[in-house]
Amino acid sequence: MDAQPVGGWIDPVTASADIDLDAYAANLTALAAHVAPAELMAVIKADGYGHGLMACARAARAVGVRWLGVATPGEAMALREAGDTGRLLCWLYGPEEDLTALVASDVDVSASSVEQVGDLVAAAATAERTARVHLKIDTGLHRNGAHPDDWPAVVGAAAEAERFGAVEVVGVWSHLASAEELDHPSVAAQLDAFDEALAVARAEGLDPRTNHLANSAGALQLPRSRHQLVRVGIATFGVDPGDGVAASAGVALRPVMRLRAQLVNVKPVRAGGGVSYGHTWVAPHDTVVGLVPLGYGDGVPRHAGSVAEVWVGGRRAPVRGRICMDQFVVELGPDAQDRVGDEVVLFGAEPAPTAEEWGRVCGTIGYEIVTRVGARVPRRHVGGTPTP
Ligand SMILES: Cc1ncc(COP(=O)(O)O)c(C=O)c1O
């Protein structure tokens with residue numbers, strides 16, 4: 001049990017993001033069983049999607065997750081500096097970045113171009129050890145990854161480097177554009193393009209054994225995308241990658257983050273009283289409002305103004321007026337008995353609103369809702385298997 005708040009410049013009693021590491025462990029275990037015999041990589045980039053990089057890494061390792069995935073070298077090195085020694089892949093870096101520390105620290109690194117393979121060869125020479133590389137092909141997301149026209153040159157360069165021991169090609173990988181929509185034409189096209197890229201790599205003499213394409217949606221509902229490894233982020237945090245995707249795959253996910261605060265002010269507003277900046281909401285009747293001490297400075301989307309709901313006193317209460325930088329107002333209703341100090345849940349597990357619901361009403365996705373929770377909000381981690 002690790003209930004010590006992590007970070008934040010708000011008193012954790014006043015407001016916190018509570019992270020249920022038992023739910024995280026249960027999601028990881030359920031997802032790992034669902035994708036077997038493929039293996040699961042827990043993706044914990046962006047501070048574990050807002051849930052805390054280190055706490056998530058420790059919790060994942062404690063339930064036997066062998067692979068962790070992050071975007072940046074900084075994230076990877078932070079894990080190594082904190083003592084994590086397991087398999088770890090990092091995939092997004094700029095042309096000026098020196099990859100030596102990653103290679104020296106036994107981090108697997110992605111390469112999407114001949115230049116990046118060359119950078120890894122140089123890093124391997126400086127670190128005096130073989131660099132483990134995952135070669136990325138762009139199968140149709142048109143984001144990162146080698147263009148198919150450039151792929152033979154990329155795999156050729158990697159095969160050459162492998163022959164003289166500078167690199168070991170661990171796998172070929174790519175990323176899906178629309179796996180939450182199974183009938184989207186990109187899905188079949190990407191699956192085929194990935195198989196073709198693998199065939200080209202093998203024809204160049206490579207023997208990539210840990211190939212990966214699936215994100216959460218692919219891991220859940222697209223068996224052909226699973227290959228040997230799946231990179232799962234959002235589903236491990238108990239947020240559905242798309243409407244009904246987890247349920248249709250028969251996987252029950254538990255929300256890991258609960259964003260809560262205390263009411264810090266409660267008072268009546270007369271009919272005709274405007275609430276918050278710009279008076280965009282005017283009370284149509286005499287009512288009672290409560291003040292929640294979190295705002296867009298804490299990652300509460302400004303788009304939540306007058307559209308989102310919170311959970312307070314065993315019922316839903318609507319957000320009224322604009323979200324401010326540090327606070328927003330909810331309508332507690334004419335007969336409200338709520339008091340200063342009562343707990344408000346912005347999102348968490350049902351029947352409270354979920355991160356998915358906040359995403360929907362704010363015109364974004366549950367991913368953004370949890371990931372954007374700001375540095376000012378303390379994280380309180382509860383549960384989880386203690387590590388020795
Ligand atoms: C390259 C890559 N792989 C895997 C993931 C995990 O995706 P998801 O959170 O949908 O599981 C992400 C997240 O955006 C990603 O960028």
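**Helix packing, sheets and domains in the predicted model**

The axes of helix 6 (residues 114-127) and helix 7 (residues 151-163) come within 8 Å of one another and cross at roughly 15°, where axes are lines fitted to C-alpha atoms, for helices over the stretch in contact, and angles run from 0 to 180 degrees between N-to-C directions. Helix 6 is therefore roughly parallel to helix 7, given that angles under 35 degrees count as roughly parallel, over 145 as roughly antiparallel, 65 to 115 as roughly perpendicular and the rest as oblique. The crossing of these two helices is right-handed, a crossing being right-handed if the near helix is turned clockwise from the far one by less than a right angle, and left-handed if anticlockwise. Helix 6 contributes Val114, Val117 and Val121 to the contact, and helix 7 contributes Ala153, Val154, Ala157, Ala158 and Ala161, with contact meaning heavy atoms within 4.5 Å. By class, the contact of helix 6 with helix 7 has eight nonpolar, no polar and no charged residues (Ala, Val, Leu, Ile, Met, Phe, Trp, Tyr, Cys and Pro count as nonpolar, Asp, Glu, Lys and Arg as charged, and the others, Gly among them, as polar).

The structure is a predicted model, in which local features need pLDDT of at least 70 and side-chain atom pairs count only at pLDDT 80 or more, whereas totals for chains, interfaces and linings use all residues. Residues are numbered from 1 along each chain as its sequence is written, and side-chain values use heavy atoms, with hydrogens and water left out.

Helices (H or I, at least four residues) and strands (E, at least two) are DSSP runs, numbered from the N terminus. Seven strands form an open sheet with parallel pairing, in the order 8-7-6-5-4-3-9, two strands being paired if DSSP finds at least two bridges between them. Strand 8 (167-173) and strand 9 (229-232) are the edge strands of this sheet, each pairing on one side only, and the twist averages 30° from one strand to the next. Within the sheet, strand 4 (residues 67-70) and strand 5 (residues 87-90) pair in the parallel sense over four bridges, and Val70 stands opposite Cys90 in strand 5. Helix 3 (residues 53-62) lies across strand 3 (39-43), strand 4 and strand 5, and runs at about 160° to strand 4.

A further open sheet, with mixed pairing, is formed by ten strands in the order 1-19-2-10-18-15-16-17-14-11; its edge strands, strand 1 (5-6) and strand 11 (265-269), each pair on one side only. Strand 2 (residues 15-20) and strand 19 (residues 379-382) pair in the parallel sense over four bridges, with Ile19 having His381 of strand 19 as its bridge partner. Helix 1 (residues 21-35) lies across strand 2 and strand 19, running at about 35° to strand 2.

Helix 1 also meets helix 3, their axes coming within 10 Å and crossing at roughly 50°. Helix 1 and helix 3 are therefore oblique to each other, and their crossing is right-handed. Leu21, Tyr24 and Leu28 of helix 1 make this contact with Ala55, Cys56, Ala59 and Ala60 of helix 3, and the residues involved divide into seven nonpolar, no polar and no charged.

At the level of domains, whose bounds come from an automatic or database domain assignment, the protein is divided into domain 1 (21-239) and domain 2 (257-382). The centres of domain 1 and domain 2, taken over C-alpha atoms, are separated by 37 Å, and the contact takes eleven residues from domain 1 and ten residues from domain 2.
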